[in-house]
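I opened my notebook and went through this model one piece at a time. These are my entries.

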Amino acid sequence: NFDRDSVSYFLERIYSQYGYDYREYELGSIMRRIKVSMLRENMHDFKEFQNSVIEDKELFEQLFLDFSINTTSFFRDPMVFLALKNKVLPYLNSYSHIKIWCAGCSNGKEAYSLAIMLDELGMLNKTQIYAADINPYIIEEANNGLYSLEHIDKDIINYQHTIGKGNFVDYFELKGNYMKVKSFLKKNIFFFQHSLINSGIINEFQLILCRNVLIYFNPELQKKVLENFYNSLD
């Protein structure tokens, strides 16, 4: 039982207490995630939940994880990767050194997918991929490059739809129910924590990928982030 005004006030309190700025996130999305967090904590009074989050850092960290969107897969939306392969990367191949920013990289599957594609095009050795996310836990997972085999059938199909040259599984070491990204794919990827809201320009890039992130921001914040991207391009 809470409304948009009370949630806006809560986000102001979070910013004041912890320094994380969710004030320009899309409120409908934030409200859905608050409901999930309250259900998990078995709390039904929003005011009580609000005060508990402000007073208890561990509870805030759980809410922080709920606010972080980490849905992804290898070669997600294969037609996007196919367009990159056919239209964008051949042009970038004219550069002697390429810098790519994966913004909101989640658990790293997009960055590794890009590395696989660049390797098959003979471009990986001259490319540096900067993969960033606001969530430090998910960045650690991305850096480890260890993934469950649960969705491998879907990953293989996605890879095949990008007209991959080889065998998707060859890019991994299989260990029981997990697969680990081979080290040669990791050496040109730098994973780090970064906020699209609070952090500024980090480099000059030839390509910036920001997929399934802006939908969680309101129009004013989208504009700020897009201006930051514009100023971060070579």
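Below is what I looked up, grouped by topic.

**Ground rules**

I'm working with a predicted model, so I kept in mind that local features need pLDDT of at least 70, that side-chain atom pairs count only at pLDDT 80 or more, and that totals for chains, interfaces and linings use all residues. Residues are numbered from 1 along each chain as its sequence is written, and side-chain values use heavy atoms, with hydrogens and water left out.

**Entry 1: the parallel sheet**

I began with an open sheet of four strands, ordered 6-2-1-7 with parallel pairing. Strands here are DSSP runs of E with at least two residues, helices are runs of H or I with at least four, and both are numbered from the N terminus. Two strands pair if DSSP finds at least two bridges between them. Strand 6 (189-193) and strand 7 are at the edges with a single partner strand each, so one side of each has no neighbour in the sheet. From one strand to the next, the twist averages 15°. For angles, I noted that axes are lines fitted to C-alpha atoms (for helices, over the stretch in contact), and that angles run from 0 to 180 degrees between N-to-C directions.

Helix 6 packs on this sheet and touches strand 1, strand 2, strand 6 and strand 7; its direction makes about 170° with that of strand 2. Helix 7 (residues 136-144) packs on the sheet too, touching strand 2 and strand 6, at about 165° to the direction of strand 6.

**Entry 2: strand 1**

Is strand 1 buried or exposed? Six of its six residues (98-103) are buried, so the rest of the structure largely encloses it. Buried means under 20% relative accessible area, exposed means over 50%, and partly exposed is in between (1.4 Å probe, protein chains only). Ile98, Ile100 and Cys102 point one way, while Lys99, Trp101 and Ala103 point the other way.

I then checked the partners. Strand 1 pairs with strand 2 (residues 127-133) in the parallel sense over six bridges. Between these two strands the chain passes through helix 6 (residues 109-120), and this β-α-β crossover is right-handed. Right-handed means that, with the strands pointing away from the viewer, the path from the first strand over the helix to the second runs clockwise. Strand 1 also runs parallel to strand 7 (residues 207-210), joined by four bridges. Cysteine 102 has alanine 131 as its bridge partner in strand 2, and it stands opposite leucine 209 in strand 7.

Next I looked at an open sheet of three strands in the order 3-5-4, with antiparallel pairing. Its edges are strand 3 (146-148) and strand 4 (172-175), each with a single partner strand, so one side of each lacks a neighbour in the sheet. The twist here averages 30° from one strand to the next.

Three bridges join strand 3 to strand 5 (residues 178-181). Which residue is the bridge partner of serine 148 in strand 5? I found tyrosine 178. Tyrosine 178 is partly exposed, with a relative accessible area of 43%. Leaving aside neighbours within four places in sequence, tyrosine 178 is in contact (heavy atoms within 4.5 Å) with Leu146, Tyr147, Ser148, Leu149 and Glu173.

**Entry 3: helix 2**

Helix 2 has 14 residues and reaches 20 Å from its first C-alpha to its last, close to the 20 Å expected at 1.5 Å a residue. The expected span is 1.5 Å times one less than the number of residues. Its buried residues include Leu27, Ile30, Arg33 and Ile34. Among the parts covering them are helix 1 (4-18), helix 3 (46-55) and helix 4 (57-67).

I stopped at methionine 38, which lies in helix 2 (residues 27-40) and is buried, with a relative accessible area of 6%. Just after the helix, asparagine 42 takes a positive phi of about 55°.

**Entry 4: the cores**

A nonpolar core is a set of buried Ala, Val, Leu, Ile, Met, Phe, Trp, Tyr and Cys residues joined through side-chain atoms within 4.5 Å. The largest has 39 residues, and Val7, Phe10, Ile14, Ile34, Phe49 and Phe217 touch the most other members. Helix 1, helix 2, strand 1 and helix 10 (219-232) are among the elements that each supply at least two residues. Apart from this core lies another, of 36 residues, including Phe74, Ile100, Ile189 and Leu207.
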